[in-house]
Each structure stands twice: as structure tokens, then as C-alpha cells.
Amino acid sequence: MAKQGQTSGQRHEGKDSDSKGLEGLTVAAREAVNRTQAGKGLPPVHLWNPPFCGDLDMRIAGDGTWFYMGTPIGRPALVRLFSTILKREDGKHFLVTPVEKVGIRVDDAPFLAVEMQNEAGDRGRLLRFRTNVDDWVPCDSAHRLRFEVAADGGLTPYLHVRADLWAKVTRALYYDLVDLGEERMVDGQPMFGVESGGEFFAMADAKQVRDAV
């Protein structure tokens with residue numbers, strides 16, 4: 001039912017504008033990606049500061065699913081495209097092209113780490129993670145792991161992907177990280193964590209981990 005004083009045409013105008021905005025954003029995103037080293041690499045969104053054009057009815061759920069106007073985006077290629085123009089500023093996420101910037105909602109982290117490879121590198125073990133948009137990210141000093149206390153009291157790992165964008169590591173991969181974990185002294189305290197890329201990423205106090213087991 002339309003609100004008082006609102007005509008049927010007015011009621012649909014916002015929806016139509018949103019749809020046109022999505023179509024225009026898709027075209028602009030494709031053009032930006034195609035211009036980036038002939039399609040190789042990611043667009044330099046950190047260099048783009050276009051005017052803010054409002055919020056788009058787009059949301060990234062905690063499980064990594066992208067929604068537009070409440071409906072899951074079922075085209076992986078479109079999700080991949082939008083992920084390449086994702087930017088975070090002051091705690092808020094945006095889709096950015098050279099000509100426009102629109103805000104979107106992110107429930108947790110914009111990416112999900114869904115696969116892990118354990119490799120032997122020059123500096124010992126190197127863990128590589130694949131995100132839900134098929135980016136492979138090495139876990140090292142430039143792409144760190146952090147661990148946050150979850151609502152159930154457990155730990156949730158996050159991997160730094162790029163800029164201020166993070167990937168939440170799935171529960172199954174978290175257990176794999178625990179299996180690879182070891183105790184080390186960090187700032188004079190025994191900590192339990194995992195090594196990758198020549199770095200040690202502490203998960204929790206070693207005594208707390210031993211007591212939990």
C-alpha cells in the first residue's frame with residue numbers, strides 16, 4: 001500500500017532508479033577493470049575519489065553471500081566484478097569507480113576464506129587462502145591473521161586481503177589452523193598460534209588453550 005500522498009508512480013520510482021544505478025555501476029565497473037592493465041590485476045580503487053552517490057540496496061551477508069534488493073546475486077562473475085571495486089573508508093564499505101561511489105552494507109567481513117593450502121616456502125611454512133571470489137592470498141607480514149572472540153566464546157580468524165578489507169576464515173579452516181598450532185613465547189608470555197610466511201600469529205594465551213583441551 002502506498003503511503004498517504006504517494007502515487008503509484010512515485011512508489012516505484014526509487015526502485016527503478018536503484019535498478020538503473022546497478023546497471024550503470026556494472027557497466028562502469030567493467031570499463032574500469034578492462035582499463036586496468038588490459039584486464040590484469042585489480043583496479044586502483046585507492047586512487048579513486050569520486051563523488052558519493054548515495055547508498056545502494058546491496059548487502060554482503062556473514063556467509064559471504066551478496067544480496068541486491070533482498071535477493072541473492074546468483075552470478076558469480078558479477079559478484080567477482082563488484083568485489084574488485086570494493087573499498088573501505090572510515091569503517092564503511094563502498095563500491096567505487098572513477099566516476100561514482102555508492103555505499104553498501106557488510107554484515108561481518110566482505111570476503112570469506114574457504115580453502116587453505118599448506119606450502120613449504122623459503123621462510124618455512126606458507127599458508128595460502130582462497131577467498132569466495134577466487135582470490136589467493138598468502139598469509140604473511142602483509143596479509144596477517146587476527147583472531148577475535150566469537151559470541152560463543154570461541155575464536156574467529158580473519159585474514160587481511162588488501163587495503164582495509166578482510167576475509168573471515170571458515171570454521172572448518174579454523175580447526176585446520178588449530179591442528180597446525182604451536183606454543184611460543186611472545187613478549188615474555190606463552191602464546192598458542194600458527195606460523196606462516198616467517199611470521200607467528202598468536203591465537204590465544206597458551207594456558208587457556210591447554211585448559212580448554
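## Surface and burial

The protein's accessible surface (Shrake-Rupley method, 1.4 Å probe, with only the protein chains shown counting as cover for residues) is about 11,900 Å², and carbon and sulfur atoms hold 49% of that. Of the 213 residues, 43% are buried, where buried means under 20% relative accessible area, exposed over 50%, and partly exposed in between (1.4 Å probe, protein chains only).

This is a predicted model, so to speak: local features need pLDDT of at least 70, side-chain atom pairs need 80 or more, and totals for chains, interfaces and linings use all residues. Residues are numbered from 1 along each chain as its sequence is written, and side-chain values use heavy atoms, leaving out hydrogens and water.

## Fold and contacts

You'll find four helices and 15 strands here; these are DSSP runs numbered from the N terminus (helices H or I, at least four residues; strands E, at least two). Take the contacts (heavy atoms within 4.5 Å) with a separation of 6 or more: 50% of them involve residues 24 or more positions apart.

## One face of α3

Helix α3 spans residues 171-180, and its buried residues are L173, Y174 and L177. They line one face of the helix, because they fall within an arc of 105° seen down its axis; the arc is taken from the directions from the helix axis to the C-beta atoms. A172 and D179, on the other side of α3, are exposed.

The mean pLDDT (the predictor's confidence in each residue, from 0 to 100) is 86, and 86% of the residues score at least 70.
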